[in-house]
Amino acid sequence: MRVGELGEAGVIERVVRALPGAGDRLLLRGPGDDAAVLTPPGEGPLAWTADLLVEGTHFRRAWMPPSLLGHKSLAVNLSDLAAMGAEPVAFLLELGLPGDWPVDDLDAFCAGLGELARRSGVILAGGDTCASARLHVGISLLGRLPAGRGLGRDGARPGDQLAVTGPLGAAAAGLELLEAGWRLGAKGEACPPAAGDGGVPAAAAAAALRAHLAPEPELEAGRQLAGLARAGLDLSDGLARDLRRLCAASGCGAYLVGEQIPVDGAAAAVWQARGRDPLLGAVAGGEDYRLLVALPPEAVPAGVIPVGRVTRAGEGVRLDRGGAAEPLPTPFEHFPGP
């Protein structure tokens with residue numbers, strides 16, 4: 001059966017039935033009304049974010065199992081709230097669905113989305129559906145900031161330590177493998193292309209594919225760092241681009257130490273097999289969804305990895321490799337300028 005045979009009401013009924021929300025005490029009015037009505041979830045200001053995943057731009061159906069698309073659609077929004085130190089509360093879901101999409105795929109999408117929603121304590125408040133030539137998923141997510149205004153990008157000061165919450169590069173390595181014909185199997189195994197594996201270790205390939213297709217938002221780390229860091233953001237577009245964003249917002253420069261940047265082991269194995277530089281791949285690659293923070297030198301907690309320091313604005317954004325500073329690699333741009 002295809003979603004075009006369900007009708008809009010049938011699609012909505014399947015989505016609402018699969019996701020947490022109905023009967024939740026926060027939700028006074030939810031799916032079925034013209035707008036959601038929620039009871040404010042305790043004291044503190046609210047954080048609000050939105051992300052859009054479009055077939056052909058952010059994913060390809062041939063690469064992305066529907067359950068992992070559901071997971072990732074919510075995960076990228078949860079990562080934004082993690083970067084602010086917020087607790088997720090409720091989300092709106094917008095679906096553009098090709099009429100020939102199998103209903104089994106819709107159900108699998110909802111199952112993956114629902115599993116992460118339940119695990120993260122967030123409920124479905126409503127949304128919209130429409131027919132579309134290409135599959136797209138939009139989520140708008142509301143969260144609560146227990147303390148203050150939340151962590152932003154604009155508070156870093158010269159002398160602060162720059163730190164990340166985990167190894168980098170696995171998601172970018174996974175994307176390279178997908179583009180080369182690798183796929184993630186039904187049991188989580190890495191399936192090489194017909195042309196061969198190019199010497200890439202199967203275990204490393206599976207870990208890299210999973211990192212790209214099913215990232216895990218770092219909500220707990222965000223809550224802990226919100227009271228310590230001066231500035232921060234999530235690494236959705238890669239260290240090279242997102243560090244520049246933090247520096248632009250804070251009016252500062254940055255100095256990264258290559259030897260300190262944690263390159264994910266699976267990514268390193270993939271890139272070494274493919275003749276690539278693992279460090280540059282980890283710096284330029286995106287979609288790790290780790291957190292990057294600027295911390296006072298005396299307040300660097302356990303569990304984060306120092307990678308450099310904040311400098312004065314006129315010093316630019318540089319990468320130290322063996323004692324020689326060089327510009328950061330050029331990052332990906334959705335809308336590159338001239």
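This is a predicted model: local features need pLDDT of at least 70, side-chain atom pairs count only at pLDDT 80 or more; totals for chains, interfaces and linings use all residues.

Residues are numbered from 1 along each chain as its sequence is written, and side-chain values use heavy atoms, with hydrogens and water left out.

**Salt bridges**

Side chains of opposite charge can pair when their charged atoms come close. A salt bridge here is a side-chain nitrogen of Lys or Arg within 4 Å of a carboxyl oxygen of Asp or Glu, and a search of the whole structure finds 17 of them.

Select R17 and E13 to begin, and you will find a salt bridge whose closest N and O atoms are 3.2 Å apart. Both residues belong to helix α1 (residues 7–18), where they stand four residues apart, which means about one helical turn separates them. Helices (H or I, at least four residues) and strands (E, at least two) are DSSP runs, numbered from the N terminus. R17 is exposed at 55% relative accessible area, whereas E13 is partly exposed at 40%; buried means under 20% relative accessible area, exposed over 50%, and partly exposed in between, with a 1.4 Å probe and protein chains only.

Next select R144 and E87, whose side chains form a salt bridge at 3.0 Å, N to O. R144 lies in strand β6 (residues 136–144) and E87 in strand β4 (residues 87–97), so this pair ties together parts that are 57 residues apart in sequence. R144 is buried, at 19%, while E87 is partly exposed, at 27%.

**The cavity**

Now turn to the lining of the largest cavity by selecting A82, A83, L151, G222, L225, G232, L233, L291, L292 and V293. A cavity is a set of points, on a 1 Å grid over the protein atoms alone, where a 1.4 Å probe fits but cannot get out, and lining residues have an atom within 4 Å of a point. The volume of this cavity is about 30 Å³, a volume being the space filled by probe spheres set on the points, which are joined across faces, edges and corners.

Which element gives the most to this lining? Colour β12, which contributes three residues. By class, the lining has eight nonpolar, two polar and no charged residues, where Ala, Val, Leu, Ile, Met, Phe, Trp, Tyr, Cys and Pro count as nonpolar, Asp, Glu, Lys and Arg as charged, and the others, Gly among them, as polar.

Key:
On a 1 Å grid over the protein atoms alone, a cavity is a set of points where a 1.4 Å probe fits but cannot get out, and a pocket is an open set with protein on both sides within 12 Å along at least five of seven lines; lining residues have an atom within 4 Å of a point.
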